[in-house]
Amino acid sequence: MAQTVDQEFARELKLVEGLKVYNKQLEDQLNAQTVAKREILVSIDKAKDLEPQVAPLLGKMLDALEKFVKADLPFQKEDRMASVFKLKDLMTNPEATTSSRFRSIMDIYTVEMEYGNNYEAYKAVQNVNGEDIEVDMLRIGRVALYFQTKDQKVSAMWDTANNGWKILPSDTNRNIRKAIKVAAKTTAPELLSLPLTAPEGV
């Protein structure tokens, strides 16, 4: 059945109203995007203004990190200092952005914080009786640092007060070896008695 003029007009009118609603939605979206773009541009401008203030802060953070690593227990010292020197190069790289510099510093800070919450066993070279030999290292958080020779005859603990290694009595060798195995995840954890240095000022 053919539509009457009134029915055709009503259909077209309904279509026009639908297009108006659709156009209004698009207009609202465009306005919202325009506002968002304007806010982003303002944020970028503000970031540029803050950059001269951020650079000195990053420098202070890097200096504090370097001092901390140097004063800390001497575990993984070469690798940790290498990270600090890499950050220093990044700070002077003209192609590096402020955000990348900040992110890199925060990454190292995060790693350093984690050292206080875990333990590890690794190999290193230490001077024992005047000879540089490979030993097994044991770090327990930032509480204690030990090494033991491969033959398990010599064990030592880092003495923070005297800033040097302290050879331990031979009766500690067995527990040091067990603790190294636990840290290396080659044996099940167990309760062990290990020597500790007294906190400074105690």
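1. Ile133, in strand 2, is the bridge partner of Gln126. The model is a predicted one, in which local features need pLDDT of at least 70 and side-chain atom pairs count only at pLDDT 80 or more, while totals for chains, interfaces and linings use all residues. Residues are numbered from 1 along each chain as its sequence is written, and side-chain values use heavy atoms, with hydrogens and water left out.

2. As to overall make-up, the protein chain has 4 helices and 5 strands, where helices (H or I, at least four residues) and strands (E, at least two) are DSSP runs numbered from the N terminus. Along the sequence these elements follow the pattern α-α-α-β-β-β-β-β-α. Of the 202 residues in the protein chain, 27% are buried, a term that stands for under 20% relative accessible area, with exposed meaning over 50% and partly exposed the range in between (1.4 Å probe, protein chains only). The chain exposes about 14300 Å², and carbon and sulfur atoms supply 57% of that area; accessible areas come from the Shrake-Rupley method with a 1.4 Å probe, and for residues only the protein chains shown count as cover.

3. The strands form an open sheet of 5 strands in the order 1-2-3-4-5, with antiparallel pairing, two strands being paired if DSSP finds at least two bridges between them. Strand 1 and strand 5 (164-167) are the edge strands, each pairing on one side only, and the twist averages 35° from one strand to the next, where axes are lines fitted to C-alpha atoms (for helices over the stretch in contact) and angles run from 0 to 180 degrees between N-to-C directions. Strand 1 and strand 2 run antiparallel and are joined by 10 bridges.

4. Among contacts in the protein chain between residues at least 6 apart in sequence, 40% join residues at least 24 apart.

5. The aromatic pairs come to 3, counted where ring centres of Phe, Tyr and Trp (its six-membered ring) lie within 6.5 Å, with planes under 30 degrees apart taken as stacked, over 60 as edge-to-face and the rest as tilted. In one of them, the rings of Phe75 and Tyr115 have centres 4.9 Å apart and planes at 75°, so this pair is edge-to-face. Because Phe75 lies in the loop between helix 1 (5-71) and helix 2 (77-91) whereas Tyr115 belongs to helix 3 (residues 98-115), the pair ties together parts that are 40 residues apart in sequence. Both Phe75 and Tyr115 are buried.

6. Trp158 and Trp165 also form an edge-to-face aromatic pair, 5.2 Å from centre to centre with 80° between the planes. Trp158 counts as buried because its relative accessibility is 14%, whereas Trp165, at 28%, counts as partly exposed. Together with Phe147, Trp158 and Trp165 form one aromatic cluster.

7. Most residues other than glycine have a negative phi. Asn129, in the loop between strand 1 (119-128) and strand 2 (131-140), has a positive phi near 55° and counts as exposed at 76% relative accessibility. Gln152, in the loop between strand 3 (144-149) and strand 4 (155-159), has a positive phi near 65° and is partly exposed, with a relative accessible area of 37%. Lys185, which follows helix 4, has a positive phi near 60°.

8. Finally, Leu196 lies in the segment after helix 4 and counts as exposed at 54% relative accessibility. Residues up to four places away in sequence aside, Leu196 touches Val143, Ala144, Tyr146 and Met157. The C-alpha atoms of Leu196 and Tyr146 are separated by 9.9 Å, the two residues being 50 residues apart along the chain.

Definitions and conventions:
Contact = heavy atoms within 4.5 Å.
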